[in-house]
Each structure stands twice: as C-alpha cells, then as structure tokens.
Amino acid sequence: MNAREAFKAVPRKLFIPDEIFVPNDVGWLVPLRRSDDPERWHKYVAADDAIVTRTRFAPAIPAELCDAATGRGVEATSSSSAPFIMARLIDALELQPGMRVLEIGTGTGYNAAVLARLLGAENVISVEIDSVAADRARSALREAGYPVRVVTGDGEDGYPPAAPYDRIIVTASVHTVPMTWVEQTRPGGMILAPWAPTFHPEWPLCRFTVRADGSAAGRCIGPAPFMPLRAQRVRAHAVDEAETKWTEAGKPDCTRYGVSVTPEGQQQVWFDSPDNVIG
Ligand SMILES: C[S@@+](CC[C@H](N)C(=O)[O-])C[C@H]1O[C@@H](n2cnc3c(N)ncnc32)[C@H](O)[C@@H]1O
C-alpha cells in the first residue's frame with residue numbers, strides 16, 4: 001500500500017475537530033463549527049487542502065487590533081496538513097515494514113494514523129507541543145483504532161526513550177536541525193524536514209541521511225510549505241534577503257540545494273555539491 005492509498009483508507013473526518021478555522025471574505029481566519037454548518041464543514045474535510053484546527057492572536061499584531069469575531073489578527077498554530085503534501089512526505093520516507101518512525105508535530109493525529117496504517121501503531125511515536133492538540137489527537141487515534149503513542153512535549157528534544165528511529169518526519173518547517181534528531185536516528189536512517197525559506201522561496205523539503213560518525217546530510221527534493229516549528233520562525237527580512245539572493249543566482253531549482261550537519265552540530269547549506277557551501 002502506498003501513502004496515497006493509506007490516506008484513502010483512513011477517514012480524515014475522524015481527526016478533524018468540531019471547530020475548524022476558515023478564511024472569511026477578506027482572508028482572516030474565523031471559526032466554522034460542524035454543529036452549525038455540517039455541509040460546509042464536510043466540504044472542507046473532503047478537500048485535499050490543509051485545515052486549520054488551532055489558532056492564537058498573532059504576537060506581531062497589536063492586541064487592540066485583534067478580534068476573534070472578525071478573525072482579525074488570528075493566526076494558525078495547528079492544522080491537518082493537505083493530504084497530497086503529506087502523501088509526498090510519506091513516500092519520500094521510503095518506508096519498509098518494521099521501521100520505527102518518530103513524527104514531530106502530531107497536529108490532529110491524521111498523519112500519524114496513516115503512518116500507523118502503513119507500519120503498525122506500535123512503530124509510530126508522535127510529539128506535539130500543544131497539549132490541547134496532543135490530547136485530542138491521542139483520543140482520536142485510539143478511537144480510530146490506531147493507538148499511536150502521542151507525547152506532549154517539545155519535538156526539538158525528539159523522544160529519547162524510544163530511540164533510535166529509522167525515520168524522523170517533521171510536519172512543521174525548520175531553519176535548523178536539532179542535534180537530538182541526528183543523535184536519535186540510527187546510522188543510515190533518514191530525517192525529513194520541510195525547510196523555512198532561508199535559501200529558497202519554495203519551502204524545500206530536505207531529506208537527510210544520518211551517518212555512523214554522527215553527521216547528517218541531504219538534498220532538497222521538492223517544495224513543501226509548512227507552518228514553522230514553534231521556536232523556528234524566520235523573520236520576514238531574512239526571507240526577503242534569501243529570495244533576492246536566489247533571484248540573483250538565476251532562480252535555481254530547489255533540488256540543487258542541500259544541507260549538512262557535522263557531528264559537532266555545525267550546519268551548512270550547499271549548492272550542487274556539499275563542498276560548495278553557500279551558507
Ligand atoms: C502542520 S501541523 C501538523 C499536522 C499533522 N501532522 C496532522 O496530520 O494533522 C504542525 C504541528 O506542529 C506542532 N508544533 C510546533 N512546534 C512544535 C514543537 N517544537 N514540538 C512539537 N510540535 C510542535 C504544532 O502545534 C502543530 O500541531
């Protein structure tokens with residue numbers, strides 16, 4: 001069974017809460033409750049798009065301008081990612097039966113359920129920092145018949161008690177690979193992380209292979225936009241600077257970029273080959 005088939009086999013609606021957040025006429029996020037408008041709620045759940053499930057007022061917007069009723073100042077903090085993008089990530093993991101996977105960013109638990117469908121719930125562990133989302137996902141996974149262990153905590157710490165993992169999949173974007181992930185992946189194993197636009201504007205997905213010497217390196221394999229891991233936001237001016245550099249370089253495809261992490265934790269971005277370090 002491939003990832004796409006596994007997504008079809010696991011009903012998404014079992015993981016989507018009664019209250020979701022959808023854009024209003026001017027693009028702000030406002031609540032939509034299943035109990036108020038079941039038909040519209042189901043339409044969102046059936047679409048192959050991300051669904052926002054948790055929000056907060058954006059810290060960058062002055063509190064007096066924020067308003068939950070109009071959605072002004074509200075930003076997404078958790079979602080059920082678009083199934084077609086998650087399928088792309090899962091396919092990129094090149095899973096084999098018996099592999100053990102750590103997911104960073106449980107969200108609704110839907111992606112964890114799909115991983116459990118492919119590998120067995122006993123081989124999947126997922127870490128979520130938002131305790132409300134983690135509790136909901138834990139229950140939804142149990143009720144859906146995929147009792148994945150959901151750990152409430154900071155995914156940047158990984159989850160040492162069950163390490164080493166064959167694969168770590170991150171469902172939020174990063175600009176830095178925490179060494180804990182490298183240390184908790186077995187040699188030859190893989191870390192898959194959507195990258196913030198710090199060198200390419202398409203939010204490239206980086207696939208790292210971990211080596212026996214404690215280093216990791218890999219290329220970007222395609223675009224995969226994700227909300228950032230909580231402590232890995234990138235400032236707007238850094239994104240603009242990166243886009244300018246990329247434009248000046250002739251807008252190369254993201255697959256020409258890669259990232260290496262040394263055993264000492266030093267991170268390098270390279271272009272075409274690991275000895276051509278650009279950042
Ligand atoms: C795009 S959502 C994940 C979608 C999820 N895989 C699904 O299928 O529903 C990203 C999640 O990462 C979580 N997150 C952000 N920073 C985190 C961190 N440091 N550790 C663990 N989870 C984190 C967010 O709370 C959010 O739920």
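Which residues touch the most other members of the largest nonpolar core? In this predicted model, they are L89, A113, V114, L115, V177, I191 and L192, out of 73 residues in that core. A nonpolar core here is a set of buried Ala, Val, Leu, Ile, Met, Phe, Trp, Tyr and Cys residues joined through C-beta atoms within 7 Å. Buried means that 20 or more other C-beta atoms lie within 10 Å of the residue's own, with C-beta atoms placed from the backbone. The biggest contributor to this core is α4, with eight residues. Domain 1 (3-80) and domain 2 (83-277) each put in at least three residues.

A quick word on ground rules. Numbering starts from 1 along each chain as its sequence is written. Since the model is predicted, local features need pLDDT of at least 70 and side-chain atom pairs count only at pLDDT 80 or more, while totals for chains, interfaces and linings use all residues.

**The chain overall**

You'll find seven helices and 14 strands in the chain; these are DSSP runs (helices H or I, at least four residues; strands E, at least two), numbered from the N terminus. Buried residues account for 42% of the 279 residues. The radius of gyration, taken over C-alpha atoms, is 19 Å, which agrees with the value near 19 Å for a compact globule of 279 residues. That rule is 2.2 Å times the number of residues to the power 0.38. The C-alpha trace spans about 55 × 45 × 30 Å along its principal axes.

**Two domains**

The domain bounds come from an automatic or database domain assignment. The C-alpha centres of domain 1 and domain 2 are 23 Å apart. Where they touch, 19 residues of domain 1 are in contact with 21 of domain 2 (C-beta atoms, placed from the backbone, within 7 Å). On the domain 1 side, α1 (3-9), β3 (51-57) and β4 each supply at least two residues.

**Around the ligand**

The shell around the ligand has 25 residues, and S78, G105, G107, N111 and G155 come nearest; being near means having a C-beta atom, placed from the backbone, within 6 Å. β4 (74-80), α4 (110-119) and β6 (124-128) each give at least two residues, and β4 has the largest share, four.

How values were computed: Buried ≥ 20, exposed ≤ 12 C-beta atoms within 10 Å, placed from the backbone. Contact = placed C-beta atoms within 7 Å.
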